[in-house]
Amino acid sequence: MPTVSVGRDRLFEALGESYTQEDFEKLCFEFGIELDDVTTEKAIIRKERHLEGKEEDEDEEVIYKIEVAANRYDLLCLEGIARALRIFIGKEEIPVFKISDVPPKSMLKMHVRPETALVRPFVVCAVLRGITFDEARYNSFIDLQDKLHQNICRKRTLVAIGTHDLDTIQGPFSYEALPPPEINFVPLKQVKSFGANELLEFYRSDMKLKKFLHIIENSPVYPVIYDSNRTVLSLPPIINGAHSAITLKTKNVFIECTATDLTKANIVLNTMVTMFSEYCEKKFEVEPVEVVYSDGRSSIYPDLTVSNMEVSLSDITGPIGISLEASEVVPLLNKMQLRAGKSLTTNGNCNIIVSVPPTRSDILHARDVMEDVAIAYGFNNIPKSKPKCMTTGGQQPLNRFSDKIRAEVSRAGYMEVLTWVLCSHEENFAMLRRNDDGEKAVIIANPRSSDFEVVRTSLMSCLLKTVKHNIDHPRPVKIFEVGDVVILDAARDVGAANNRRLAALYCNVTSGFEEILGLVERIMKVVRAPHVQVSDNYMRPSNEPEFFPNRQCSIILHEKQIGHFGIVHPEVLKKFGIPDPCSYVEIDIQALL
C-alpha cells in the first residue's frame, strides 16, 4: 500500500481545522485511509542515513505518513488527501473540472512520428496555465510524479511523466524515435551536452535513474520530444532536458506523458492536472493539447469527461447488509466525491445514477460504488449478523494430496526447495534442448527483466538452477519441489491452466538413475488406491530431448503420459554449469489424484 508523507501543519491548514493525533486517526479511519506513522523531516533523514537517534527539536515540522489504497491515485499527494477529506467532512463541494475554451488554431499540438511505435507508441499532453508555486507546492508536484512512477506507471515502464516550463519552449512539439547517435541535449541538473548513448552510460552510476535504463537501452531507436526549435524537452523515460526545467517561478506548465499503455497514460495525466489545477489562475481549468498522428488521426487531451453509471439500490445496500433509502445513499456518495441522483425504473425499482469524476479512475463497477457507500456509512455502524448457513473450512483435495506427496518424498531423503514460477525463455526451452512451438508457454508482455519472460512449463530448469547456485554442496544433492506450472489452454476462460507437479533431482558423481527409479516406484505404490487397477507396466521408453538417449522412460497411467524420468542430457548440464551427472523425474500429480 502506498504511503504519502505530508506536513501536519500544512495539512491542517488545507483542511481549515486542527486535530489532535487521536482525532485525525479517527477521521482517517472513517474515510478508509490510515495514519501509519508520525515523524519529523530530520528523523526521516537520520533513519535513511542510519545515524544515531537524537532528541527532536521543538521547531521540527511534524510529518504524517498516511497509507492509502493502491488504486486511489488521487490520494498520492497532500492536495488530493486534503480535498477528499474536506469533501468528506462537508467543508467543500465536489469540484467541476473544465477544459479551457481554446480556438483550434491556437491550440498547442504534439505531432507523433510513426517510428515511436517501435518503442513507446503513445503520448498525451496538457497545460496548466497561470499556476502559482511555492516551495511546498513545488515539492508536492514533484513528489506526486515520483509516487505515480512507482505505482500505476510501474517504474516508468508503462508511463513516463515529463513536466516543462512552457515559457521556455515553443510549440508545436514533435514526439519522435531516433537512433541514439542523432540525439544530443543537456539533461536536467547538468551543464554539459550528452549524446543519448553517452547519457545512458553516464547514468549507470546514478542510484535513481539507473533503474530505468533497461527500458530503452536495447531499442534501436530512443523516444525523444522536441519543440519547434529542435530543443529537446525530454528523453523518456529517463530524463528531461535542462532547458525546460520548471522552477518556483514557473507560471505555465506543459505536461507530457509517453506510454506503452494509453489507458494508464490518461489516468496519470488526469491525476496530475486535477490535483494541481487548483493552484491555477482559473481554478480547476486545464488547457488542452491536440495530439496528431502521422496517419491523420488526432485526439485532444486531457479527457476530463464525467462518466455515468446506473446502479440499483439493492446492489448497493444488499452486499453491505443495511437498509437505506435512495435519499440516504445519495449524500453518502457525495461525501466520497461521487455526484449521485436517484431514478425510478419502469417496474418501480429505484436506481442510483452516479457521475464518476476524472479523479476516480478506481470506480469501475457497481461493487466500487457499494464500497464507497459502506465507507461513508461507517464500517463500525454496520450491524453484526450471523451467516445464514454454516460452513466448515478445509484444504482443497489437491493441496492435501500435495502435502502427502511432500511427506513421502521427504522420507526418501530429499530436501524440498521453492523456486520462482517465472523464468527466462532460454531456460524454459533452449537450455533444456526444447523447441518453443508457441502453443505451451504463457509469455509475459512487459517483463521486469530477461530472467522473468515466461511462466514455466516445467520444473526442470528451476531445480537445475538450484543445483547450480549450490554447486559446492556436498554430494549427493537430493532436492525436490511440488509446485505449479502453467500451460496455454484455449478451453479456459483465461486462456491458460495451472498444473500441479512433483519434480525431484539427484546429483552425484554417478548418475543415480536407480535412485530416481526407486523414487518413482515408491510414489506409484503409495498413491495407488486399493480399488484402482493400475498396471505394473507403467514405465515405457521415451525420447525426450532433455534426457540422455536410451536412459529415460515415460510414466503412463490409463494410457496417458503423466510424467517422465531419466538421466539428464550432458548438453543440458553444461548449459546450466553443472559438472556432475544428474537424474530427474517430473510427474503430473493432479493426474494421480
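Contact here means heavy atoms within 4.5 Å. By that criterion, and not counting residues up to four places away in sequence, Glu290 touches Met107, Leu108, Lys109, Met110, Ser298, Ser299 and Ile300 in this predicted model. Glu290 belongs to strand S15, which covers residues 285-293. With a relative accessible area of 17%, Glu290 falls under the 20% limit and is therefore buried.

At the level of the whole chain, four domains are assigned: domain 1 (3-88), domain 2 (98-301), domain 3 (307-379) and domain 4 (397-592). The centres of domain 2 and domain 4, taken over C-alpha atoms, are separated by 48 Å. An unreviewed UniProt entry places the feature "domain: B5" at residues 304-384. That span is 37% helix and 23% strand, and its end C-alpha atoms lie 40 Å apart.

Buried positions in H5 are Ser140, Phe141, Leu144, Gln145, Leu148 and His149. An α-helix has 3.6 residues a turn, so residues three or four places apart point the same way. The partners against which the buried residues of H5 pack are helices H1 (8-15), H4 (78-88) and H7 (262-276), together with strands S7 (159-165) and S14 (253-259).

Thr116, in the loop between strands S5 (108-112) and S6 (122-128), counts as buried at 2% relative accessibility. Beyond its neighbours within four places in sequence, Thr116 is in contact with Pro121, Tyr175, Glu176 and Ala177.

Turning to backbone geometry, most residues other than glycine have a negative phi, and most peptide bonds are trans. Arg156, in the loop between H5 and S7, has a positive phi near 75 degrees and is buried, with a relative accessible area of 8%. Arg230 has a positive phi near 65 degrees and sits in the loop between strands S11 (222-226) and S12 (232-235); at 44% relative accessibility, Arg230 counts as partly exposed. Cis peptide bonds link Tyr301 to Pro302 and Arg475 to Pro476. Pro302 lies in the loop between strands S16 (298-301) and S17 (307-312), whereas Pro476 is found between helix H13 (460-469) and strand S24 (477-488).

Terms used:
Residues are numbered from 1 along each chain as its sequence is written. This is a predicted model: local features need pLDDT of at least 70, side-chain atom pairs count only at pLDDT 80 or more; totals for chains, interfaces and linings use all residues. Side-chain values use heavy atoms; hydrogens and water are left out. Helices (H or I, at least four residues) and strands (E, at least two) are DSSP runs, numbered from the N terminus. Buried means under 20% relative accessible area, exposed over 50%, partly exposed in between (1.4 Å probe, protein chains only). Domain bounds come from an automatic or database domain assignment. UniProt positions are given in the numbering used here, feature names are shortened, and annotations may be inferred rather than shown by experiment.
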